[in-house]
Amino acid sequence: MPELRFSKDSAVFTPVACLLTGLGAFSLATCTQAAPAFDSDSPWMLGDWNGTRSELSAKGYDFKIEYTGEMGSNLHGGYDHDRTARYSDQFALGTHLDLQKILGWDDAEFQLTITKRSGNNISNDRINDPRVGGFTSAQEVWGRGQTTRLTQMWYQQKFLDQKLDIKVGRFGEGEDFNSFPCDFQNLAFCGSQVGNWVGDIWYNWPVSQWAMRVKYHLTPELYAQVGAYEQNPSNLDRDNGFKLSGSGTQGAILPVELVWTPKLNGLPGEYRAGYYYSNANATDVYKDSHGQPAALSGEAYRSASSKHGVWLGIQQQVTSIASDHSRGLSLFANGTMHDKKTNAIDNYVQAGIVYKGLFDARARDDIGFAMARVHVNPAYRKNAEASNQAKAVFDYDDPAFLPPQDTEYSAELYYGVHVTNWLTVRPNLQYIRHPGGVNEVDDALIGGIKIQSSF
């Protein structure tokens with residue numbers, strides 16, 4: 001899911017129009033202070049409050065209220081052909097403290113973010129067969145409980161001329177590991193994908209848990225990082241949005257990642273390779289302790305002492321408009337592989353393109369297209385078949401039938417309209433083949449609109 005970050009270099013707090021004047025910090029403050037509410041050049045819908053925001057930022061206090069809203073409508077196909085529309089949204093209220101400015105602590109910062117999600121998702125009962133659910137979601141902002149949560153509460157400290165970076169507190173794995181932007185509306189193209197396919201142990205935004213991340217820059221373009229995250233399923237409960245105790249902890253998930261951020265021909269790229277290991281007990285998706293199908297034997301599913309997987313991620317800008325690197329074509333691809341004994345999804349791949357500033361008259365608009373394939377573990381499918389055999393239910397239309405799942409394909413095309421510096425609207429079309437990996441469910445066409453705004 002989307003990550004709310006703040007820094008003194010963030011474009012959110014550094015209006016481009018002011019930077020281009022080249023007159024330094026004084027000119028920047030003057031320009032920002034002049035921005036009234038609803039000014040299209042301001043980064044905030046409510047303006048700079050007569051310079052109050054800029055003054056606070058200069059002292060180390062940055063804050064933001066962000067809103068994401070997503071509409072999805074089943075235009076054709078899916079499990080339920082009755083057409084309707086659903087809306088989900090999220091408010092995120094956060095503050096970032098530059099502790100070097102505030103307390104004189106060199107290279108230290110603090111982040112606090114609270115999120116509130118609400119609404120409904122078109123995928124749950126109209127696109128996917130509700131007996132088994134689905135894998136992707138047409139409205140990524142829906143999920144992990146429509147409730148209020150403490151999403152970030154961390155302290156970050158850098159050492160050794162900023163080569164060593166340590167972060168501790170409450171945050172999710174996808175904030176640092178297997179990270180990916182969230183401009184698309186379909187979940188298969190948004191955020192950390194590991195968390196989408198092993199969500200029982202890897203908790204993406206907006207869920208947080210106690211964690212520690214250590215990063216070390218081997219070179220200016222290459223860094224390695226390791227982490228340790230509390231694996232506690234009770235953090236997923238709607239009533240535990242502000243839970244701080246460790247009760248219910250089952251173990252830890254330990255990710256490690258190598259990240260290369262080169263500039264090829266002057267254009268930015270990011271290449272990630274990582275591995276995760278969970279030391280908590282995991283349940284086999286098919287067999288009992290005797291190696292027989294548990295659904296047939298009636299015995300408990302056997303237990304494994306760990307769970308693991310790997311990921312790869314690529315983002316690379318390949319063209320620009322003359323010397324303007326803010327415009328041009330970028331390519332991306334992501335892939336994950338997971339434990340076949342204990343995970344429903346054994347592998348996932350996606351790829352796509354984004355072009356920013358396709359038209360001179362709309363230099364800050366963007367257009368994106370992506371495709372994804374989610375593959376179900378054959379053992380997980382066999383378990384569904386064994387379950388049906390045990391119940392002597394073989395008709396898909398029987399309510400007791402458990403549809404075996406195989407492969408789901410997703411595609412999305414969006415156009416992002418940069419309405420103002422504080423508002424972007426992205427209408428999109430999504431196509432889902434075999435929703436939920438169920439061959440009997442009709443392919444679905446979904447119309448969507450994603451709204452992102454900063455107050």
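Predicted model: local features only at pLDDT ≥ 70, side-chain atom pairs only at ≥ 80, totals over all residues.

Modeller: Val-226, Leu-254, Val-256, Tyr-275, Tyr-277, Val-310 and Met-337 make up a nonpolar patch on the surface. Two strands, β8 (251-260) and β10 (267-278), each supply at least two residues of the patch. Val-226 belongs to strand β7, which covers residues 222-231. How exposed is Val-226? Its relative accessibility is 42%, so Val-226 counts as partly exposed.

Now turn to Lys-307. Lys-307 lies in strand β13, residues 307-317. Its partner is Asp-200, and the two form a salt bridge. Their closest N and O atoms are 2.9 Å apart. Asp-200 sits in the loop between α6 and β6, so the bridge ties together parts that are 107 residues apart in sequence. The two ends differ in cover. Lys-307 has a relative accessible area of 3%, so Lys-307 is buried. Asp-200, at 42% relative accessibility, counts as partly exposed.

A cis peptide bond joins Trp-205 to Pro-206, with omega at about 10 degrees.

Side chains of opposite charge can pair when their charged atoms come close. The whole structure holds 23 salt bridges. One of them joins Asp-80 and Arg-126, with 3.6 Å between the closest N and O atoms. This pair links distant parts of the chain, 46 residues apart. Asp-80 is in the loop between β1 (61-78) and β2 (85-98), while Arg-126 is in helix α5 (residues 123-127). Arg-126 counts as buried, at 12% relative accessibility. Asp-80 is partly exposed, with a relative accessible area of 27%. The pair also belongs to a network of salt bridges that links Asp-80, Asp-82, Arg-86, Asp-125 and Arg-126.

The side chains of Lys-450 and Glu-140 meet at 3.1 Å, N to O.

Glu-440 is in the loop between β18 (423-433) and β19 (442-454). At 43% relative accessibility, Glu-440 counts as partly exposed.

Next, strand β16. Met-371 has its place there, within residues 366-376. What does Met-371 touch, leaving out residues up to four places away in sequence? The contacts are Phe-189, Val-349, Gln-350, Ala-351, Ser-410 and Ala-411. Val-349 is 22 residues away along the chain, and its C-alpha atom is 8.5 Å from that of Met-371.

Last, look at the backbone. Phe-38 is not a glycine, yet its phi is positive, about 70 degrees. Phe-38 lies in the loop between α2 (24-33) and α3 (52-58). Its relative accessible area is 53%, so Phe-38 is exposed. Asp-107 also has a positive phi without being a glycine, about 55 degrees. Asp-107 is in the loop between α4 (99-103) and β3 (108-119). With a relative accessible area of 26%, Asp-107 is partly exposed.

Definitions and conventions
Residues numbered from 1 in each chain as written. Heavy atoms only, no water. Helix = DSSP H or I, 4+ residues; strand = E, 2+ residues; numbered from the N terminus. Contact = heavy atoms within 4.5 Å. Buried < 20%, exposed > 50% of the residue type's maximum accessible area, 1.4 Å probe, protein only. Patch = residues over 30% accessible without salt bridge, like charges linked within 9 Å, V, L, I, M, F, W, Y side chains within 5 Å. Areas by Shrake-Rupley, 256 points an atom, 1.4 Å probe, with all protein chains shown as cover. Salt bridge = Lys/Arg side-chain N within 4 Å of Asp/Glu carboxyl O.
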